[in-house]
Every structure is written in C-alpha cells, then in structure tokens.
Amino acid sequence: MTVPTVSCTNCGKNFTTDDLRGTNCRYCGTLFAHHARAAQQVAVVNQMLADRNGNGIPDAFEGIVANAQANAMNQAFGMNANPYTPYNPYNPHGQPGPMMGPAIQIHNAHMQQVAHATRTANKTVTIAIVAAVLVIMLSFGIGIASMLLVG
Ligand SMILES: [Zn+2]
C-alpha cells in the first residue's frame, strides 16, 4: 500500500507527514505552497481590516460607511425630498405651521445646515471673485508696465 506523496515544488524531495507539519521545506526552506496561500489570504484580510487612521472603522469599509452615513443624512434632513411634510400645492414651501414636535426641530436643523452651506458657498464665490479681480488687475498692471517699457 502506497501513501500518495507530496514533494517539494522547489527541490523535489518527498515529504513525510512529519515534514508537512512544518511551514517550510525541511530540505531547501521553501515555504509550502498551501501555507503561502493561507499567508496570502491572511495578509489580504489583515489589509482589509487595517485601520490606518485609527477611527475604529477598517479602511476597506470606510467608503461603505461614508455612503451609509450620507444616505442616512439625506433621509434625516431630506436633501432631495421632504419626508416629514408631504407636498402640498397650497403650501409648497412647507411653512412651519403644520409641523409639530421633532419634525420642526429636524426641519430647523436642516434649514440651519442649508444656510451654513449657502454661507460657505457664498464665501467661496467671494474669494474666487476677489482672486479673479486681483489676477485681472495684476495682468492689467503688467500690460501697462510692459507698454510703458516698450513704448
Ligand atoms: Zn524543498
């Protein structure tokens, strides 16, 4: 009766069952293929579970978590729809009147958030305009200076 033998992929020596208990070839030191594969899989899993910025969320899942949070925010604050006041053609802007309790608070929080976003956007636009004006003035200045120098 012959036991199927496993031989080293590197040096070709046959392994005994004792040899196979190790992780490396007893003769040449090559890492056993099945151990290499397992180590590779462990490395991949460890990589996926690595939390480099230490926020408690594995990096591989941060995109998913961020998406979930964005979706939850959209639903809570109704960026696209208004889940707490159904559309009313006689009150299209959802006047605060009919809203009660937590809904009005959520609505106010939403409005504050929108107002903040609008202020931030305005600031960005203002900075952009100021920067553009400075660039225009600067190029005019260079133009005039070069005209004076050439003329
Ligand atoms: Zn070997």
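Visitor: What share of the contacts with a separation of 6 or more comes from residues 24 or more positions apart?
Guide: This is a predicted model, in which local features need pLDDT of at least 70, side-chain atom pairs count only at pLDDT 80 or more, and totals for chains, interfaces and linings use all residues. Residues are numbered from 1 along each chain as its sequence is written. Two residues are in contact if their C-beta atoms, placed from the backbone, lie within 7 Å. For contacts in the protein with a separation of 6 or more, residues 24 or more positions apart account for 9%.

Visitor: How many of the 17 residues of H2 are buried?
Guide: A residue is buried if 20 or more other C-beta atoms lie within 10 Å of its own, exposed if 12 or fewer, and partly exposed in between, with C-beta atoms placed from the backbone. In the protein, buried residues make up 1% of the 151 residues. Helix H2 lies largely in the open, because its number of buried residues is zero.

Visitor: Is Gly 22 buried or exposed?
Guide: Gly 22 sits in the loop between helix H1 (17-20) and H2. Gly 22 has 12 C-beta neighbours inside 10 Å, so it counts as exposed.

Technical notes: Helices (H or I, at least four residues) and strands (E, at least two) are DSSP runs, numbered from the N terminus.
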